[in-house]
Amino acid sequence: MKAAVLYELGKPVQVEEVTIDPPQANEVLVKMVATGVCHTDLHFIKGDMPQPLPVVLGHEGAGIVEKVGPGVTTLKPGDHVILMVAYSCGKCRYCVQGQTAMCAEWLTYHMMGSLPNMTKRLHKGSQELNHFFSQSSFAEYAVVHERTAIKVREDAPLDVVTILGCGASTGIGAAINTAGMKAGETVAVFGCGGVGQSVILGARLAGASKLIAVDTVDLKLQKAKELGADFVINASTENAQQKIVEITGGGADYSFECIGNTNVMATAFSSIHNGGKCVVVGMAPLGAMLTIAPYELLLGKTIVGCVQGHIKAAVDIPRYVDLYMTGKLPLDKLITKKYAGLDHINEAIEDLEKGRVVKAIVKF
Ligand SMILES: [Zn+2]
Ligand SMILES: [Zn+2]
């Protein structure tokens, strides 16, 4: 099969023929229909986060189950699935308490570039290739654990709902689950890429009254308006914190940082009113430190982070798909461009990096 392999940090991925082993116990082979390209892929290409090389990146895939390994009970060939960025073991303390996105197991095997049973299925000749977030969706096929593949209704277009595997569900979940918003509350969203725009969709669903979008790129602010932002602030020409305090009459109920920039996190924290909540969704480079005034904590302000917006994939993903299919969650509007085939993957990566697209999809 064809796959996009990253051999060296900071370099383009190489699209080439590789081999994939059949699924083992509790695994399924999925024929990829589409994959999103996410800023997290960019972070790993740049080396902001550690990852063993060479690796087949991609973690927002969707496709059709082609083969199931021994012991698979939840899926069968022909099932349409969205592949999740996070695997959950179902047994650790977090999983048992229903916080499956925080599963204690997944980070270990992710760091090893393997599947959950600590082995690999991808090869280039005699060289073993590493997996990425247990899926490696920049390839025509993926072998994944059955708990990573969430079955969805067959009338849902996979080249749209595929974005629910990571970025979109993270943003929607951050608004609905992590923040726990109620109708009528006010929201400021910092960073209007795929995740930030998804926070806007989630906040709109949750009934935000004043929805404020902040970015430095006009194209993204325009998109934010289209998706339901009531106010937009270009932070390169305006003081975002001041403007938010003005619009909300003292600070927003919630702010979301969706970039991974520690200065923006501090601004987002200072843009909420006393007792408000700042949700960090963006991923700062490993080792970065955040400086905030502890005095503000005495004012009852909260700052909290999330993995995947605290979603419970098996329940929330089919639910978000239903919301899309009934027109209440316009996921398709997040997608700026669809690229025809893996041969265009570097173009998609570059467009995303340069801010030319909000969400890029590669169709197989
Ligand atoms: Zn992602
Ligand atoms: Zn677990």
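1. Ground rules. The model is predicted: local features need pLDDT of at least 70, side-chain atom pairs count only at pLDDT 80 or more, and totals for chains, interfaces and linings use all residues. Residues are numbered from 1 along each chain as its sequence is written, while chains are lettered from A and ligands numbered from 1 in the order in which they are written.

2. Domains. The assignment gives domain 1 as 2-151 + 330-363 and domain 2 as 171-306. These bounds come from an automatic or database domain assignment. The domain centres, taken over C-alpha atoms, are separated by 28 Å. Contact involves 11 residues of domain 1 and 12 residues of domain 2. Two residues are in contact if their C-beta atoms, placed from the backbone, lie within 7 Å. The side of domain 1 that touches domain 2 has 4 nonpolar, 4 polar and 3 charged residues. Here Ala, Val, Leu, Ile, Met, Phe, Trp, Tyr, Cys and Pro count as nonpolar, Asp, Glu, Lys and Arg as charged, and the others, Gly among them, as polar.

3. Helix 5 on helix 6. Helix 5 covers residues 167-178 and helix 6 covers residues 194-206. Helices (H or I, at least four residues) and strands (E, at least two) are DSSP runs, numbered from the N terminus. The two axes come within 7 Å and cross at roughly 40°. Axes are lines fitted to C-alpha atoms, for helices over the stretch in contact, and angles run from 0 to 180 degrees between N-to-C directions. Helix 5 and helix 6 are therefore oblique to each other. The classes are: under 35 degrees roughly parallel, over 145 roughly antiparallel, 65 to 115 roughly perpendicular, and the rest oblique. The crossing is right-handed, that is, the near helix is turned clockwise from the far one by less than a right angle. Residues in this contact include Gly167, Gly171 and Ala175 of helix 5 and Gly194, Ser198 and Gly202 of helix 6. By class, the contact of helix 5 with helix 6 has 11 nonpolar, 8 polar and no charged residues.

4. Helix 5 on helix 11. These axes come within 11 Å and cross at roughly 100°. Helix 5 and helix 11 are therefore roughly perpendicular. Ser169, Ile172 and Gly173 of helix 5 meet Asp316, Ile317 and Tyr320 of helix 11. That contact divides into 3 nonpolar, 2 polar and 1 charged.

5. Backbone points to check. Most residues other than glycine have a negative phi, and most peptide bonds are trans. The bond from leucine 53 to proline 54 is cis, with omega near -10°. Proline 54 sits in the loop between helix 1 (39-46) and strand 5 (55-56). Phenylalanine 133 has a positive phi, near 45°. Its loop runs between strand 9 (127-129) and strand 10 (141-145). Histidine 310 also has a positive phi, about 50°. Histidine 310 lies in the loop between strand 17 (302-305) and helix 11 (313-325).

6. Phenylalanine 133 counts as buried, with 29 C-beta neighbours inside 10 Å. Histidine 310 is buried too, with 21 other C-beta atoms within 10 Å. Aspartate 155 counts as exposed, with 8 C-beta neighbours inside 10 Å. The cut-offs are 20 or more other C-beta atoms within 10 Å for buried, 12 or fewer for exposed, and partly exposed in between, with C-beta atoms placed from the backbone. Aspartate 155 is in the loop between strand 11 (149-151) and helix 4 (158-161).
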